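Welcome, and thanks for taking a look at this one with me.

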Amino acid sequence: MDTPHLLNVVDVEATCWEGQPPAGQVSEIIEIGLTVVDLRTRTRRAKHRLLVRPDRSRVSAFCTELTGLTQDEVDGGTGFAEACRVLAAEHRAAVLPWASWGDYDRNQFTRQCRRTGTPYPFGSAHTNAKTAFTAAYGLRRRPGMAQALEVAGLPLEGRHHRGDDDAWNIAALVLDLAARGDWPAPG
């Protein structure tokens, strides 16, 4: 199936703390949001959410306040390796180009895959949507996603710092750039 017009927009939430992690804990992905964008029709085709059970950390009160995710909720999620398998098998993550807001999400996957010995689920065609947006709008500083939505005159839909909602909003920014002729070709 030829799908060069499809793009996976990914946003992750990870365990986090107000300061340094407690002894023995590391930041781990606890939610993966994914929105499928059709660049040809300029539509958001699907919104997905994977909860991921952390192995080496706990969800802090700070993290719950930021994301709305609780330890009980993520305890019901899948393991990280299984989440990566789902991304590859069900969302064709290794085949389709993908985008994220900044490099955090790509780097978090790289670190966690290396640390756990899990095959990296994505292909090499990644676009940093924050960099593309900053250049397209001629901004001096790279804005956060919520600020970028304001700049573009788009609403923030759902809850900020929730993986599926953030991926949905980032996808709206991608489509804004595509409509302006400013979305870069994958590569």
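**Notes on the predicted model**

1. Let's begin with helix α3, which covers residues 80–90; its buried residues are Phe 80, Ala 83, Cys 84, Val 86 and Leu 87. Looking down the axis of α3, you will find these buried residues within an arc of 155°, so they line one face of the helix. Ala 89 and Glu 90, on the other side of α3, are exposed. Please keep in mind that this is a predicted model.

2. What covers that buried face? Among the elements over the buried residues of α3 are β2 (29–38), β3 (43–51) and α4 (104–116). Helix α3 lies across β2 and β3, and runs at about 5° to β2. Just past the end of α3, have a look at Arg 92, which takes a positive phi of about 50°.

3. Now for the sheet. It is an open one of five strands, in the order β3-β2-β1-β4-β5, with mixed pairing. Strands β3 and β5 (126–128) are at the edges and have a single partner strand each, so one side of each has no neighbour in the sheet. On average, neighbouring strands of this sheet are turned by 25° against each other, direction ignored.

4. With β3, β2 pairs in the antiparallel sense over eight bridges, and the two form a hairpin with four residues between them. In the turn of this hairpin, Arg 42 has a positive phi of about 55°. Strand β1 (residues 6–14) also runs antiparallel to β2, joined to it by nine bridges.

5. Which residue of β2 is the bridge partner of Glu 13? That is Glu 31. Glu 31 also stands opposite Leu 51 in β3, which makes Glu 31 a handy landmark as you trace the strands.

6. Finally, turn to a pair of helices. Two packed helices are described by the angle between their axes and the distance between the axes. For α5 (residues 129–136) and α7 (residues 163–179), the axes come within 10 Å and cross at roughly 40°. Helices α5 and α7 are therefore oblique to each other, and their crossing is left-handed. On the α5 side, the residues in contact are Ala 129, Ala 132, Phe 133 and Ala 136; they meet Ile 170, Leu 173, Val 174, Asp 176 and Leu 177 in α7.

Notes. Residues numbered from 1 in each chain as written. Predicted model: local features only at pLDDT ≥ 70, side-chain atom pairs only at ≥ 80, totals over all residues. Heavy atoms only, no water. Buried < 20%, exposed > 50% of the residue type's maximum accessible area, 1.4 Å probe, protein only. Arc of directions from axis to C-beta. Contact = heavy atoms within 4.5 Å. Pairing = 2+ DSSP bridges. Axes fitted to C-alpha atoms, helices over the stretch in contact; angles between N-to-C directions. Parallel < 35°, antiparallel > 145°, perpendicular 65-115°, else oblique. Left-handed = near helix turned anticlockwise from the far one by under 90°.
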